[in-house]
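Keep the coordinates open as you read.

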Amino acid sequence: MRDKYLKYILLLPALIVIAATSFYPFIQSFWISLHNWNLMNSLTMGPFIGLSNYVQAFHDSGFWNSVKVTLIFTGLTVVLSLTISMAIALLLSKNKPYLSVIRGLLIIPFAMSPALIGFSWRFMLNPEYGLFSKLLGAVFPPLANVQWLGQPTYAMVALVSVILWMWIPFISLTLVSGRMSLPGDVFEAARVDGASPFQTFIHITLPLLRPIILIAVILQTMFALKAFDPVVTLTQGGPGVSTSILNYSVYQTAFQFFNMGYASALGYLLAVILVILAAFYMRLLVKGEGWR
Amino acid sequence: MSTPAGTNRAFKTVYSCLEYLAVAIIVLIFFVPIAWIVLTAFKPSQDVYTLKLFFTPTLANFRAIFSYPLDFGPYLLNSFIVTTATLVIGIPISLFAAYSLSRFKIAGKQGLLFWILSTQFIPPVIIALPFFILFRNLGLLDTRISLIIVNLCIIIPFAIWLIKGFLDGIPTDIEEAALIDGCSRFGVLTRIIVALAKPGILTATVFCFVLSWNEFMFPLILSRQNATTLPVALMLLNAEKGVIWEQMAAAGIVLVIPSVILVLLVRKHFVQGLTLGALD
Amino acid sequence: MVKIKRLRVLVSIALSLVMVGALAGCGTQNQQGTKAGASSTPTTLTTYGLLANKPFTGQTIRILLPNANQYNAIQARTSEFTNLTGIKVDYIYVPYGNLLQKITTEGVANTGYYDVVNYQDSWGPSLKNYLQPLDSLVARDKVNLSKYPSAYRQGITIDGQTYGIPLRGHTQMLFYRKDIFQKLNLTPPTTWTELENDATTISQKTNTNGIAMYYGKGNDGQNLALWTDYLWSNGGNIFDSQWKPIFNNQQGVQATQRYVDLLLKDKAAAPGSVSFNEYDAFNSVAQGKSAMVMGWWWHYSDLTNPKATAPGVASNIGFVSIPQWQGQGTATYAIDLPLGIMKDSKHQAAAWEYLKWVSNPDLEKNIVMDSLTNTSPSDQHDIVIVQTPNLQDTELNKLSNGFYAIGAKSLASSRIMPQTPQWPQVSDVLSAAISSIASGAPVQATLDQAANSVQTIMQNAGYYK
């Protein structure tokens with residue numbers, strides 16, 4: 001049957017592009033990570049040094065700090081984003097005309113450029129003329145004198161808020177559309193049986209939405225881990241190294257310190273963490289058969 | 001339960017008031033920053049560092065970014081060319097792959113799907129250097145082609161994923177009927193599937209447009225001047241004197257308008273496209 | 001590929017056209033030469049030290065620079081150079097924050113795309129593999145480098161070789177609000193103690209912050225600029241002669257403590273200082289929120305610009321030298337941005353002609369004169385001077401109320417950051433440490449930890465064999 005070949009022919013272009021654009025450089029940078037190569041010293045790759053760069057990473061407190069910061073940042077982002085998005089989704093998933101308008105507009109933050117948002121946040125968090133600092137101070141007086149980018153905890157909150165602001169609308173709209181496409185009779189039955197809204201949510205809504213929630217978690221994790229522009233534009237990893245996520249510190253090592261070998265090793269370790277995470281998620285997805 | 005009707009009604013009123021309040025807060029949180037960026041873009045420079053809501057609006061900031069020495073016109077053009085070419089190449093390729101993955105039995109399909117998605121977990125920064133060296137050797141540095149190639153690596157996995165999810169949700173009977181009528185598989189794909197999966201394909205296209213349009217790190221590293229795209233040009237406003245906010249805001253508006261328009265155009269299908277495949 | 005081919009065809013067509021033109025049009029060109037430049041051109045050529053007979057006519061050199069008004073002004077005056085030498089100049093600007101990365105990636109690419117780059121002196125050691133040493137050219141054309149202050153000369157010299165010609169350079173100054181000082185009967189500070197007193201008084205008696213500082217991390221270690229002023233004026237240093245970090249010794253801890261106490265103990269600095277970068281701090285003064293700020297002198301033109309400042313600020317800006325540590329004198333940080341020639345450039349000789357022209361004292365002086373007298377467009381206004389004769393120029397000092405005399409005085413005792421290829425890494429560690437300390441981390445422990453990291457960096461780089 002011709003389908004036998006067609007299915008591979010259809011797949012082939014995509015696989016070639018993915019292999020060429022992801023796996024070729026991925027393997028190439030593994031090779032670099034086994035060498036001592038500082039761009040400031042030479043234009044060509046230096047001597048082969050085996051796993052020394054990896055050994056160095058394990059003794060590098062900066063690396064461990066970045067791992068910690070990355071996990072905190074990603075964890076906070078995913079948990080907050082999903083919780084808040086779920087609350088917003090429940091609120092917006094009713095069939096009311098004004099809500100439908102809001103749902104339509106809510107996608108806008110997703111289309112904004114992360115670099116622009118990072119810069120704007122820095123502008124708006126300025127304690128002397130920033131809109132956010134003034135508004136927050138007016139609404140919650142204890143927050144009036146907070147230096148948002150001056151304390152490790154607050155700076156992390158500020159950075160997380162950029163990602164949340166950009167992605168919550170998208171995630172909650174995903175959940176809204178999932179919630180609205182669930183069959184109404186299940187909820188009707190639950191109501192007749194006298195289930196409280198909370199019980200309905202826990203025992204019906206959540207399990208039915210599980211595949212969508214998983215997809216949302218994967219997307220949110222990926223985009224939290226890829227966050228780069230907001231760190232460059234908002235905190236530059238500070239104060240101290242409290243917001244220096246791995247993606248940023250790899251970039252620094254590679255393109256500010258030009259230590260290519262070491263940067264590739266750090267990047268590889270980051271990739272390993274991420275691929276483990278990915279495998280974990282995929283197993284969850286496959287188990288739930290959400291993605292056939 | 002014998003709650004007096006009055007209390008119940010009062011409760012309902014309070015509840016719906018709270019609901020309005022919550023919705024209002026959400027709208028404020030997500031739209032006040034945008035409104036502020038828009039206001040800043042129209043402010044004359046002496047009002048930028050005030051919280052004034054009323055001022056004499058000016059187009060000077062927009063004029064500034066499109067005239068010498070900033071000259072954002074060519075960067076905008078680069079962004080358009082790179083993103084359009086990326087989508088024109090990437091979306092059909094992804095559609096084919098998604099169709100194949102959705103409709104056929106393929107050995108090791110789960111592994112393949114995992115492999116495709118896992119590329120998105122590779123930190124882009126470690127891909128950047130080999131690309132830089134490769135493009136240097138090919139003489140492709142600072143060309144739009146190089147940016148199109150790397151953007152394909154960003155969008156194709158997502159596009160496959162989104163389109164496949166959508167195709168999974170489309171029943172196969174129409175296709176089978178067409179096949180029996182003598183239509184070829186490829187004909188089914190290009191005529192019937194494209195028509196049926198239009199919302200999904202549009203969704204994926206817009207999603208990928210946003211990713212490609214806003215891509216920052218690769219053009220930062222791979223372009224010099226001729227191929228520089230708008231998000232990187234934004235950095236030009238982070239000058240020795242710090243960030244020129246009002247011009248940054250104006251450039252930001254120019255930058256986001258195309259993606260906002262597209263996203264709004266397909267908003268009905270946009271999110272549905274993501275969830276359909278997963279739910280049924 | 002198609003594009004490249006087409007380009008080649010175009011280039012060869014253009015070349016043949018030029019040659020035909022040169023053959024056919026010899027007469028006219030000579031005529032023009034004698035008409036326009038019989039008296040003026042040769043003398044200008046020799047004063048700028050340029051080669052006669054336009055040997056590089058038709059070449060185009062490409063220059064990579066960050067944005068600055070001074071460079072706009074130079075670009076606007078480049079036709080003079082093109083007329084004199086027949087060399088065309090392409091200016092390409094990148095954001096300051098991406099400059100180092102750009103130069104390095106260009107060096108790695110090894111394509112000779114840029115001929116001249118503008119770099120920051122502290123990057124010199126990291127970039128020297130990509131830059132062409134200029135000593136033989138300097139000697140051949142007898143270029144006088146002694147016209148530059150010693151800090152700038154140190155900045156362009158790496159391991160005894162010259163890699164650049166200073167083009168833009170900054171010394172630090174203290175800017176203050178004359179009206180506020182007058183109202184409170186204060187005199188501008190000359191020592192750190194006076195600075196602390198003045199700042200505290202202003203913070204307490206007015207609703208303006210005494211001083212705006214910048215302790216925020218990043219931007220290539222901006223928060224180290226004033227820290228080194230404290231450190232060096234207290235007799236401390238970042239490294240000892242063996243490249244061992246010593247900034248955590250007694251002088252270092254004392255200086256660091258004093259540096260952050262303006263914010264933490266005296267509460268005299270704007271609260272935002274903890275995360276400010278240099279620009280935020282200057283903006284705080286420009287917007288009338290703070291009464292003093294210390295930093296690069298070029299900010300003066302912005303602080304005195306009525307359009308960029310809140311009402312009442314621009315006309316009330318005074319300037320003095322950076323204060324000293326009582327009984328120990330002063331030592332401030334100076335920075336310069338030299339022009340260097342890329343090793344892979346294919347137009348090195350033409351690029352050198354450009355360097356000679358662009359460093360001529362008249363050009364520098366004219367740009368500033370036109371700014372001070374407001375005769376050039378505002379995006380060409382700049383006040384930067386790097387050549388000592390111009391710093392001492394009576395005309396310039398008269399127009400600027402002695403601004404350049406104070407600059408020259410500071411520059412006489414100025415120092416530069418340690419010259420090591422590891423500086424970008426070391427500066428990142430230090431910048432992070434200072435920002436932690438300003439947000440409340442203990443001074444000694446944080447500096448000790450930073451010293452450990454710095455020692456590891458230097459060790460890995462093979463400094464202690």
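In chain C, the centres of domain 1 and domain 2, taken over C-alpha atoms, are separated by 30 Å. Domain 1 of chain C covers 40-170 + 335-399, and domain 2 covers 172-333 + 420-460. These bounds come from an automatic or database domain assignment. Eleven residues from domain 1 of chain C and eleven residues from domain 2 of chain C make the contact. Two residues are in contact if their C-beta atoms, placed from the backbone, lie within 7 Å. The side of domain 1 of chain C that touches domain 2 has four nonpolar, six polar and one charged residues. Ala, Val, Leu, Ile, Met, Phe, Trp, Tyr, Cys and Pro count as nonpolar, Asp, Glu, Lys and Arg as charged, and the others, Gly among them, as polar.

A word on the source. This is a predicted model, in which local features need pLDDT of at least 70, side-chain atom pairs count only at pLDDT 80 or more, and totals for chains, interfaces and linings use all residues. Residues are numbered from 1 along each chain as its sequence is written, while chains are lettered from A and ligands numbered from 1 in the order in which they are written.

Now chain B. Its C-alpha trace spans about 80 × 70 × 35 Å along the principal axes. Among contacts in chain B between residues at least 6 apart in sequence, 79% join residues at least 24 apart.

Chain B also meets chain A. Here 72 residues of chain B are in contact with 70 residues of chain A. The side of chain B that touches chain A holds 56 nonpolar, twelve polar and four charged residues.
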